[in-house]
Amino acid sequence: MSIETVVAPLAGRQARPEGTIVCAGGVEIGGPAVVVFAGPCAVEDEAQILSAARAVKAAGARVLRGGAYKPRTSPYTFPGLKEDGLRLLALARAATGLPVVTEVMDARHLEQVMASADILQVGSRNMQNFTLLDEIGTCRMPVLLKRGMSATLEEYLLAAEHVMKGGNQQVILCERGIRTFEPSTRNTLDLNAVPMLKRHTHLPVIVDPSHGTGLAWMVPAMAKAAVAAGADGLLIEVHGDPSRALSDGPQALTFEEFGSTMAAISAVAAAIGRSLS
Ligand code: PEP
Ligand code: MN
């Protein structure tokens, strides 16, 4: 089976041939503009998230990211600030006006996450957590559904279908790299997914070059490539001091690097008749 033959009456392109625009906190994702979501991997403290929020906004990001509940491979690494992280995200939202995307790992946390978020993130590790998808399907809040690290595009589209079948049509897809035999990068960013998904679904498709490469120096090149390939947005990790980040420091851009990356992305967007706002 491949995405060519998938049965997805709600997520499939035929359901809305003109494409879907998801609106979150006044920002339209899936429209003419390329929307950049940026911020740290994890919320670490008030000064960190506030300075990152202000820096990414100044550089042109439209959505603030930051994990409060962090899925970590090792249980001995930073798990996120949890409720306190959500409180700090709400503070950063109030300070900057940027809508917030943050991960929900467990249906039991949905209510508290929704109180501080404008977009619910379902992480790669939970793409096929069907009880979580079904629960999110009953919510009326946009969802950023990340591709499972070993998920085919058919499985990915069907995960979106699970959310939509519950009644929540506001799904944004995010290619974040897949597992391959190549060890030089954390993941292999599958940019094939962008035109393939755009052909087979009406949902907006964004790209995460941070997790897709795991290497900050590669992020600008792959961000530009993603926009050229037709992505509706980008998810980029940014940290005031990546060397001291509590998670994913090696793939985080500094504020300065993020600023120059935004200028480069803007030029690529203009070349294909799009803009960053
Ligand atoms: C993240 O966005 O920080 C994250 C954990 O991403 P993923 O689920 O794609 O690994
Ligand atoms: Mn991360």
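The views below show a predicted model.

**View 1. Contacts of Leu173.** With neighbours within four places in sequence set aside, the contacts of Leu173 include Tyr156, Leu157 and Ala160. Leu173 is also in contact with Leu145 and with Leu197, Thr201, Leu203, Pro204, Val205 and Ile206.

**View 2. Helix H5 and what covers it.** The buried residues of H5 are Leu153, Glu154, Tyr156, Leu157, Ala159, Ala160, Glu161, Val163 and Met164. Their cover includes helices H4 (130–137) and H6 (193–200), together with strands E7 (143–146) and E8 (171–175).

**View 3. The length and end of H5.** At 1.5 Å a residue, the 13 residues of H5 should span 18 Å, and this agrees with its end C-alpha atoms, which are 18 Å apart. The expected span is 1.5 Å times one less than the number of residues. Gly167, which follows H5, has a positive phi, near 120°.

**View 4. The largest pocket.** The volume of this pocket is about 270 Å³. Its lining is made up of 20 residues, and Pro71, Arg125, Arg186, His211 and Asp248 lie nearest the centre. By class, the lining has 10 charged, eight polar and two nonpolar residues.

Methods:
Residues numbered from 1 in each chain as written. Chains lettered and ligands numbered in written order. Predicted model: local features only at pLDDT ≥ 70, side-chain atom pairs only at ≥ 80, totals over all residues. Heavy atoms only, no water. Contact = heavy atoms within 4.5 Å. 1 Å grid on protein atoms, 1.4 Å probe; cavity = no way out; pocket = protein on both sides within 12 Å on 5 of 7 lines; lining within 4 Å. Points joined across faces, edges and corners; volume = space filled by probe spheres on them. Nonpolar A, V, L, I, M, F, W, Y, C, P; charged D, E, K, R; others polar. Helix = DSSP H or I, 4+ residues; strand = E, 2+ residues; numbered from the N terminus. Buried < 20%, exposed > 50% of the residue type's maximum accessible area, 1.4 Å probe, protein only.
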